[in-house]
Amino acid sequence: MNSSWMRLVLVTGLVLSGQAQTTSNPPSTNTSPRAPLNRPPSPPDAPLPDLDSPSSAPGTTKSKVKRTLDRLTPNCADVVYHSCWSSPAPDPSAGLLDAEREAQRNREAGEIYYGDKNYRGSESRFREALRYEPADPVATFELAESLEKLGKKAEARDAYQTYLNILPNGPSAKGAKKALNRLPSSSSSGR
C-alpha cells in the first residue's frame with residue numbers, strides 16, 4: 001500500500017509539472033510542438049524516492065513541484081483512507097447526539113398523534129422519548145396530557161408533578177398546576 005501511495009505522489013508530481021502523457025500509450029519519440037523534456041521519463045521499474053525520510057528545507061535547487069510535494073507529503077495519512085491533519089476538526093455541536101435525535105423524533109410523532117386525537121399512540125411515543133431523555137420537560141408534560149385524555153388520572157397527576165419537579169417555572173407550569181388541582185390525588189380517590 002505504501003508503494004502505491006508513492007506512485008500516486010509521483011504521478012501527481014508529473015501531472016502538476018506537465019510531464020505526464022495524456023494517452024495510455026508508452027512514451028514514444030513523436031514530433032509534437034511541445035517543448036522537449038529536460039530529462040527522459042523514468043522506466044516503470046525505476047526505484048521510487050524514499051518519502052519516509054525527513055524532507056530537507058526548501059531551497060532553490062528543488063523544482064516548484066518538488067517543493068509543493070514536500071510541503072504536502074506529511075499532511076496526508078493514506079490513499080485508501082484519506083485523512084489530513086490540516087483539515088478542520090468536525091464541530092461537535094453541529095449535530096444532535098443519537099439519543100437526542102431519537103427523543104426528538106419520538107416527541108414529534110407523539111405531538112402528531114396527540115393532534116389527531118390518537119392518545120394511545122401519543123402516550124407510547126412520549127414514553128419512548130422519555131426513555132431516551134428522562135428529564136425532557138416537554139415530553140413529560142405532553143405525556144401527562146395524553147394520560148389525562150385516556151382517563152389514567154393517577155399516572156397523569158404523577159407526570160404533571162414530574163414536570164413541575166423538572167421545570168418549576170417553565171412555560172407549561174401554570175397548566176400543570178391547574179391540572180394537579182383538577183385531578184384527584186391518589187389518597188383521596190380511595191385506592
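These legends walk through a few views of one predicted protein model.

It is a predicted model, with local features needing pLDDT of at least 70 and side-chain atom pairs counting only at pLDDT 80 or more, while totals for chains, interfaces and linings use all residues. Residues are numbered from 1 along each chain as its sequence is written, and side-chain values use heavy atoms, with hydrogens and water left out.

View 1. Reading from the N terminus, you get α-α-α-α-α-α-α. Helices here are DSSP runs of H or I with at least four residues, strands are E runs of at least two, and both are numbered from the N terminus.

**View 2. Of the 191 residues, 22% are buried.** Buried means under 20% relative accessible area, using a 1.4 Å probe and protein chains only. The protein exposes about 14000 Å², and carbon and sulfur atoms supply 55% of that.

**View 3. Helix 3 (residues 98–115) packs with helix 5 (residues 137–149).** Their axes sit 11 Å apart at an angle of about 30°. So helix 3 is roughly parallel to helix 5, a label for angles under 35 degrees. Axes are lines fitted to C-alpha atoms, for helices over the stretch in contact, and angles run from 0 to 180 degrees between N-to-C directions.

How values were computed
Buried means under 20% relative accessible area, exposed over 50%, partly exposed in between (1.4 Å probe, protein chains only). Accessible areas come from the Shrake-Rupley method with a 1.4 Å probe; for residues, only the protein chains shown count as cover. Angles under 35 degrees count as roughly parallel, over 145 as roughly antiparallel, 65 to 115 as roughly perpendicular and the rest as oblique.
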